[in-house]
Structure formats: structure tokens, C-alpha cells
Amino acid sequence: MWTTICLSSIFLLYHIINTTELKNGATFNKPEIKLTDPKKAEKIALNSRFTLMCSVLIQTIHGQSPKILYSFYKGDAREYLLSNVTSNKEQCNYSVESAKASHSGYYMCAVRIGNETKESGTRYISVTGQLQRPVLKINPTQLVKGDSSNLTCEASYEIPSLKFIFYQNGERLGDKIIKDKQFAVYRLQEVTHDGATNYSCTVESDDSNSKSPKSEMVQIITHVPVSNPVLNFKNSSVVQLGRNATLFCNLSSGTPPINFTLFLQSKSFSTVTSNTQDAVFNVSIIDLARSGEYKCKADNRFSKTGKYSNGINLTVIVPVTTPKLTVNQDSLRITKGQEVILYCHSINGTSPITYDLFLNNICLQSITEHHGNRSTFHVLINETKDIGEYKCKATNLNCKYSNGINFTVEDSQANGSNYNRVLYVLVGIIIITIIIIIVCYITKHHHKKTEPEDISMTHDYYTVQEPESLDATQSVQYTSVVITGSKNDCEGIYSNIRPTNKVRPRRDTEVIYSEIKKPGASADGDSSSSDEDNSVQYIQLDIKALCGEPAQKQESMFI
């Protein structure tokens, strides 16, 4: 009896816990969810039909049929609502016509009568197979670098809760778990890459290990504004007049087509449209005005403004003309040990010009001139190896070779001997010339002092008389006599003794006058004469006796 009482108490307590009295006088227990086909409780085939039934026990006080709301959920926390059904029956079914792999998971139902709601327990259902391929949608697909875009992965045939995984160029980009929707959105923030990028997505069942294949790839094209271009020369910034200069304008980033514009001294010079990130400009150097600073500008339809490159300077030079090699002397004959100076000069050519001196094609010296001057080379011809053909080369951007010069080297000893002989001859000629000049000078000066005077007309001078026996045909030879040092009336200078006017000798008469007389004195004196000859010659003259001085010391003059 006590056993019956205990069992009745336990049943009554359970009934109180699982029932609730409604305002309309109805009570109901906790609902229960299950498959209508017990055979499918473990495994449900893919694409097969299955039905879930939610039942509840309802008791009414007055026998009324209450309005019941049945709700079916997937997930153990009412994540995804499958269906809402209103009925007055104590059971309600939810059918799935084609089972998918995403149907695997936990299910539950809820019953609502009036203001009271009760939930059933969970029931796990397993569906064999793989999730269906999702669909990826991207908006927008055309971007400018720095823009954003939304990636939407849709699994409309699958049942949440689902896990969506997004991929970029095959690499996992990110994932999202969605419990109440059949799609997920992934936002790309400020895209930094450029060009084309491929995206895809997959879906996994959150309640099972089922996974879908990847979606079809969708491409995003990211357009990039141009970066600052870089301008460079292909070869050199120095170009010869009459040739071409090649300039490259390159970008590190920028979506083609790109418009490139070349500027010279801030003026537009040439424009090129390129489907790549670089452009080539060929500039014909037709005159010196093509020298100066060049820049390039790049622009595309995704750039707000164009970008300019750095500036580079192009130098146009005039090539050198053929140089001329000259030497600092008229003759190319030199002696061993002699230093010669060679000059090399190119008339035309932009400085700086480098001049190289060659001997037998071997470079000896190199000089760079910056102001258009000629170069000067000092060469010592001292050995046999210093003999040969000398040439010079002028170089600025191109080079030209000069004419050749060959020296003839003579022996220094032979040249020295010849030189000495010539020197001796010159010295002799100079000495002779000096002697002649001195003699002429003395002779001229002496004649000025000894102008002829008529002795008989001046003072008490001595008179030179002609012998009376001289014939008129006789010629006369005069001897200049100078008597100095007399203290009496003999003072004076006697010169140019000549015959008196009484005698007129013939042209063929030769007379030597040697008789000198003092006025008023006899001609006998100390002189001796010869009557036989037609001429008289005095060998010795006593000058002091003639002048009346004492003959203490005899002085003689020989004529």
C-alpha cells in the first residue's frame, strides 16, 4: 500500500512539473521532436525526403481546443528557424523534400499556447554526402587602389548554421560562421594590390564535417593611379650634334593605358600613349637648342592629377675636327738630347677636349683642355726609342687623329764641330770689320787735324823748297813732316809739305822733297845733297839746330 502511495506521489509531482495551467483552462507538457520514419534515425540519404514531428500533450478544463504555434529550429539554441505552423492538434510535422548535407545537425521544436512557450529537446540528424558549390558575388569588381569592395558567398540550397571561407588567389583570406542565414559577406577594405585578383569561397556545415567545393572564381580588377615617373637616358647624357638621344620614362605603378609627355625647359616636346608602364622618347639632336633640362609627365584615367618625373640635363656637344700637330721650330732636324715642343689643336669641338700624344702608336702624354686652348707637349729626344712618327689625338665625344711628324736626328759632335768652324769664321769677320772701322775712323780724324797750309804764308814756319834743277816733267812725292817741341819760332805743326808755286813739274817728273829750310837760313847746313840726281833726299834732320836751340842732345827723325 505504501508503495502505491509513493508511486502515485512521484507521478503527480512529475505531472505538476511538466504541465501548466493556462488562463483558458488548458495545460500542456514539454513537446517532443522526432523523425516520423524511425528507420531513418541514424542516416539519411542525400536528396531523400524526411519528416520531423513535434508533439505535445494538451489537457483542457472545459474541453476546448486551444490555438497552438509550432516552431521548428535547426541548431541546439534555436539559431535557424525552419518553419512556423499554427494548429489546434497535438502534433505537427515539418518535411524536407530533398535532404542536403547541410541538413545534418541538431533540431528542436517549440510550442506556444497563449503566452506560454515550451521547447523540446534536440534531435541529431545525419545526412550523407557533400555540400553544394556556393556562388560568389563581388560588388564592385572594378576598383581604384585604396577603394573597398564586398564579397558575398551564397549557399541558397544549404541550411545554416554554415561556415563560409573566402580565398584570394588560392590563399585563405578569412572565414565567417553564419547561424541564421544562407550567405556571408566579406568586406575588402582599402585594396592595396593592383591588377587582377582572383577570389573564391567554400561552405562548411557547422554541425558536421561536410564541406563544399570552391565556388567559381571571380576577378577583381584594381586600377592604380600613376606613380611619379623616373626619367633616364639610354646611354649617356652627353650627345653629339647630329645624332639621336634616347630617353626612358618609367613608372613603378599605374594601370595602362598611360599618357606620357616629354618636356624640354618646361615646354611640351612630345607625347606617347603606352599600354605598359614605360615610354621611349627618341630626340633628334639637330641643334644646340636641344640641350637643357628634360622632364616627363605620366597620367591615366584613374589619376586625379598627372605626376612629374625628376629633371635631367642633356648636353649637346660639337665633335672635334681633325687636329693639327705642329712643332716650335722651322726645321725637323734636331740633335740628340734636344727638347722639342709639340702643339696639338683642334679648331672646332666642345670643351673639354682631351689631347693624347702618340709615338709609334704608343701614348706618351695626355692633356685635357677646358677652354679651347691648344695642348703643349714637351718631348726630349735622347734615345733611339724617342725617334719615330709623332701623332696626336683629340677627343671629346668622338676622336680624331692628327698628321704625323718625323724628326731627323743628327750627331751632336759633328754639329758641334761645324758650329765651332762657323763661329770662328764669324769672329774673324767681326774682328776684321772692327779693324777696318777703327782704321777708317783714325784716318778720317787725322786728315781733319792736318789740313794743308801754305807754310810761307803763315807765321815763321819752315819752308820746303824744291831744288832748282828739277825739270818740269818731274812728278812730285810729298812726305808729311810734323815738327813739335820747339821753344823758339819753330813751334807749330808742319804737314803736307808741297812745292811752291814757282815750280810746275810735268806729269812724268818724280821729285822727292826732303829739304827743309828755316826762313832766311842757308840750305847748306847739315844736309847733304846730290847734284847728279833729279831728286834730293834727306836722311837725317837736326831739328833743334834748325830751330836755333843748343845742340846738347841730338834728336833725329828718319823719313
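Seven aromatic pairs are present in this predicted model. Rings of Phe, Tyr and Trp (its six-membered ring) count as a pair if their centres lie within 6.5 Å; planes under 30 degrees apart are stacked, those over 60 edge-to-face, and the rest tilted. Residues are numbered from 1 along each chain as its sequence is written. Because the model is predicted, local features need pLDDT of at least 70 and side-chain atom pairs count only at pLDDT 80 or more, while totals for chains, interfaces and linings use all residues; side-chain values use heavy atoms, with hydrogens and water left out.

One of the pairs joins Phe 166 and Tyr 186. The pair is tilted, with 5.4 Å centre to centre and 35 degrees between the planes. Phe 166 belongs to strand E14 (residues 162–168) and Tyr 186 to strand E16 (residues 183–188), so the contact ties together parts 20 residues apart in sequence. Strands (E, at least two residues) and helices (H or I, at least four) are DSSP runs, numbered from the N terminus. Phe 166 is buried, at a relative accessible area of 0%. Buried means under 20% relative accessible area, exposed over 50%, and partly exposed in between (1.4 Å probe, protein chains only).

Phe 269 and Tyr 294 form an edge-to-face pair, 6.3 Å centre to centre with 85 degrees between the planes. This pair links distant parts of the chain: Phe 269 is in strand E23 (residues 267–274), Tyr 294 is in strand E25 (residues 292–299), and they are 25 residues apart. Tyr 294 is buried, with 0% relative accessible area. Phe 269 is partly exposed, at 33%.

Charges also sit over rings. The criterion is NZ of Lys or CZ of Arg within 6 Å of the ring centre and within 35 degrees of the ring normal. The charged end of Lys 214 sits over the ring of Tyr 167, 4.1 Å from its centre. That of Arg 374 sits over the ring of Tyr 343, at 3.6 Å from the centre.

Strand E14 is also part of an open sheet of five strands, ordered E12-E18-E17-E14-E15, with mixed pairing. Two strands pair if DSSP finds at least two bridges between them. Strands E12 (142–144) and E15 (171–178) stand at the edges; each has a single partner strand, so one side of each lacks a neighbour in the sheet. On average, neighbouring strands are turned by 25 degrees against each other, direction ignored.

Within this sheet, E14 is mostly covered, with five of its seven residues buried. Seven bridges join E14 to E15 in the antiparallel sense, and Ile 165 stands opposite Asp 175 in E15. These two strands form a hairpin with two residues between them. In the turn, Asn 169 has a positive phi of about 50 degrees. E14 also pairs with E17, antiparallel, over seven bridges. Here Leu 162 stands opposite Ser 205 in E17. Strand E17 (residues 195–205) in turn pairs antiparallel with strand E18 (residues 218–223) over five bridges. The bridge partner of Tyr 199 is Val 218 in E18.

The largest nonpolar core holds 25 residues. Such a core is a set of buried Ala, Val, Leu, Ile, Met, Phe, Trp, Tyr and Cys residues joined through side-chain atoms within 4.5 Å. Phe 50, Leu 52, Tyr 70, Phe 72, Val 111 and Ile 125 touch the most other members. Strands giving two or more residues include E3 (50–55), E5 (68–74) and E8 (105–113). E8 gives the most, with four.

Definitions and conventions
Axes are lines fitted to C-alpha atoms, for helices over the stretch in contact, and angles run from 0 to 180 degrees between N-to-C directions.
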